[in-house]
Amino acid sequence: MTAQHTDFYASPGDETEGTVYTAMGGGDFADIAREQAERNDETLVINMGPQHPSTHGVLRLMVECDGETVKSIRPGIGFLHTGIEKNMEYRSWTQGVTFVTRMDYVAPIFNEVAYCLSVERLLGIEDQIPQRATDLRVLMMELNRITSHLVAIGTGGMEIGALTVMTIGFREREVVLDFFEAVTGLRMNHAYIRPGGVAGDLPETGIAQLRDVIAWLDKHLPEYAAFCNENPIFKGRMVGIGKQDLSACMALGVTGPMLRSTGYGWDLRKMQPYCGYEDYDFDVITWDTADAYGRFRVRLAEMWESLKIVKQCADRLEASTGQPVMIDDPKIAWPAKLVTGPDGQGNSHEHIKHIMGESMEALIHHFKLVTEGFRVPAGQAYVPIESPKGELGCHVVSDGGTRPFRAHMRDPGFNHLQSVPIQCEGGMLADIVVAVGSLDPVMGGVDR
Amino acid sequence: MSEKAPDAKLPGEEKTVSEPVTDPEAAPKAGLEREDAQPGETPDPAPAAVRRGMWSEGTGDTSGYGGIVREVARPHVSTAPLGSWYDGAHNRLATLVDDPFIKVVLQNGELTFHIPREKLVEAMRQLRDDAHLRFEFCSGVSGVHYPEDEGAELHVVYHLASMTHNRRLRVETSCPESDPHVPSVVATYPAADWHERETWDMFGIVFDGHPHLTRILMPDDWVGHPQRKDYPLGGIPIEYKGTTVPPVDQRRSYR
């Protein structure tokens with residue numbers, strides 16, 4: 001940044017007042033080197049991001065370096081703040097799903113489930129959610145966990161030069177996203193989970209497609225272990241980097257793979273089950289090195305556990321074909337027998353026929369439910385779930401109206417970025433990228 | 001939503017007392033575990049508020065819902081016995097901290113302690129350190145703005161978890177808009193650092209004793225606190241090269 005007295009952005013004739021700071025001049029590196037020589041130390045303040053390719057979106061890191069050693073580092077966030085929580089206060093409870101899904105856009109299904117479980121607890125309908133809807137939620141969550149971990153592993157690998165891990169990671173992710181598109185109509189930002197159930201059942205070919213996805217993942221997931229686990233370069237970059245032990249994790253509110261890489265098997269799916277996770281057979285993965293390599297191994301093994309759950313879901317869904325996927329309460333339930341039309345939009349022709357051609361009252365009811373929405377009893381709820389990153393919870397407050405009085409997402413990435421200094425200070429500059437990559441922050445969720 | 005008959009028994013469940021206890025004196029005291037010891041409820045004394053309309057106040061609303069008048073409800077205040085582990089935690093904190101509760105709310109299995117801000121730091125320290133409580137994990141801090149709650153408009157909500165006992169607890173404290181100060185709990189829960197910064201940023205609540213209370217999501221030079229209820233949605237004129245784009249809420253009223 002240079003100080004000048006000419007404002008390049010001023011309109012002709014505008015007076016320039018005072019000093020204008022602009023990055024346009026750039027500056028000569030010789031000047032910086034001379035200034036540095038005058039200070040007679042090796043300390044250099046570097047700004048990394050917010051547009052740096054290895055900061056997972058728009059994360060800004062302010063680094064104070066002594067040579068290549070990080071003396072201090074402070075993360076700056078907020079560049080992707082879009083006011084989602086404020087916006088939700090002006091939309092109905094069901095519309096809120098469309099907003100939360102855009103928070104952590106790598107794991108959208110988890111945002112939706114966390115929000116819907118909280119709303120359902122306030123409504124007092126937790127026991128009335130149909131089993132098939134719950135199974136569909138679990139299926140979508142676990143597939144989403146695999147894609148989220150693939151992104152974490154893939155982009156983390158890319159940042160240290162292992163480009164193949166990224167390309168094969170996105171290849172597998174694509175297969176799962178195709179399945180998501182077949183079920184929800186969209187690859188991301190699904191708005192598929194709704195208070196009371198899910199937006200629609202599997203398509204007719206759904207189970208067959210799901211079996212294909214499972215077969216594909218079964219075949220290709222071992223590649224990551226073959227590429228990375230004992231790769232000396234990979235291990236050289238990952239082992240011992242970004243250390244954070246259990247007490248630091250507890251103090252900073254760190255959960256998920258980072259906590260489990262310290263050896264503590266805290267997984268909300270086991271400890272405080274929701275969505276019927278107690279009925280699934282899977283293991284909690286832990287590692288004992290508390291470093292970036294340990295987190296990679298935890299994520300890798302968790303994908304296999306997720307695949308185990310997905311297989312169990314496939315069997316259950318095959319057995320429960322035809323059962324309802326939305327709560328049997330007309331005061332809450334939105335139409336949930338959607339089929340994708342030629343324009344790509346979901347619609348329920350049966351429902352349209354009923355409200356437009358058969359029953360005036362049904363039309364009035366539908367209109368009221370969709371435009372005004374349903375009322376949620378006053379109070380507050382917080383239902384935490386185990387997202388791929390850690391504890392994700394939605395604090396919803398209702399004043400008894402048809403809109404959230406307040407909705408606040410506790411995104412794990414927000415907490416995890418607080419541990420950047422503890423993981424990076426005293427280490428090498430190049431290890432910042434590895435440490436931040438192992439946190440797996442998604443700025444859409446962090447900034448909301 | 002189906003209501004169960006009050007005396008409906010679940011399969012295999014046997015009640016020891018057939019008649020529900022109506023006399024409060026005869027009700028079992030805290031700590032006693034009896035199947036008919038149902039959590040008590042009294043209405044919240046907080047002033048009731050009335051909301052009108054759906055989207056807007058005044059002109060601009062074409063939704064047809066402008067005539068809706070609705071009284072704002074509040075969850076009931078719970079009284080002992082609370083059941084399960086709740087009584088133990090409640091009594092333990094009352095022993096360790098002198099008169100710590102404004103009220104206690106038990107709703108849908110979620111326990112909320114409303115604690116005056118003067119007692120907050122002490123209570124949080126005890127909640128973390130006492131072996132019977134041991135809420136060693138602070139999930140997050142969330143602010144809520146209740147404009148009708150006179151003298152306590154701004155609320156701060158802490159979500160705590162005890163991994164030792166596998167329990168969850170919500171602690172809520174409040175401060176008036178005219179004196180928006182709440183003591184910081186960062187010394188007890190370092191995880192609350194950024195969360196308190198966010199709550200300051202969004203609600204303008206000053207956390208006294210916070211090591212570095214600056215804006216975190218909004219730009220450093222931002223004026224106002226966007227999540228307050230009197231702050232309009234999108235109400236910022238955008239200026240560029242001498243032209244001003246009017247705020248969204250002046251193009252159509254969302255208030």
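Two strands pair if DSSP finds at least two bridges between them. The views below come from a predicted model.

**View 1. A three-stranded open sheet in chain A.** Strand 3 (43-48) and strand 5 (69-76) of chain A form the edges, and each pairs on one side only. Neighbouring strands of this sheet are turned against each other by 15 degrees on average, direction ignored. Strand 4 (residues 60-66) of chain A is joined to strand 5 of chain A by seven bridges. These two strands run antiparallel.

**View 2. Helix 6 against helix 8 in chain A.** Helix 6 (residues 163-184) and helix 8 (residues 222-229) of chain A pack at an angle of about 170 degrees. Their axes lie 11 Å apart. Angles over 145 degrees count as roughly antiparallel, so helix 6 of chain A is roughly antiparallel to helix 8 of chain A. Helix 6 of chain A brings A:Thr164, A:Val165 and A:Ile168 to the contact. Helix 8 of chain A brings A:Glu223, A:Tyr224, A:Phe227 and A:Cys228. By class, this contact has five nonpolar residues, one polar and one charged.

**View 3. Helix 5 against helix 18 in chain A.** The axes of helix 5 (residues 131-159) and helix 18 (residues 431-439) of chain A come within 9 Å. They cross at roughly 175 degrees, which means that helix 5 of chain A is roughly antiparallel to helix 18 of chain A. On helix 5 of chain A, the contact is made by A:Thr155, A:Gly156 and A:Glu159. On helix 18 of chain A, it is made by A:Val433, A:Gly437 and A:Ser438. The residues of this contact divide into one nonpolar, four polar and one charged.

**View 4. The two domains of chain A.** Domain 1 of chain A covers 1-35. Domain 2 of chain A covers 84-332 + 374-447. The C-alpha centres of domain 1 and domain 2 of chain A lie 46 Å apart.

**View 5. Chain B where it touches chain A.** Here 36 residues of chain B are in contact with 41 residues of chain A. On the side of chain B, the elements giving two or more residues are strand 3 (69-72), strand 7 (137-145), strand 8 (154-162) and helix 3 (192-203) of chain B. Strand 7 of chain B gives the largest share, six residues. By class, the side of chain B that touches chain A has 20 nonpolar, nine polar and seven charged residues.

Methods. Residues numbered from 1 in each chain as written. Chains lettered and ligands numbered in written order. Predicted model: local features only at pLDDT ≥ 70, side-chain atom pairs only at ≥ 80, totals over all residues. Axes fitted to C-alpha atoms, helices over the stretch in contact; angles between N-to-C directions. Helix = DSSP H or I, 4+ residues; strand = E, 2+ residues; numbered from the N terminus. Parallel < 35°, antiparallel > 145°, perpendicular 65-115°, else oblique. Contact = placed C-beta atoms within 7 Å. Nonpolar A, V, L, I, M, F, W, Y, C, P; charged D, E, K, R; others polar. Domains from an automatic or database assignment.
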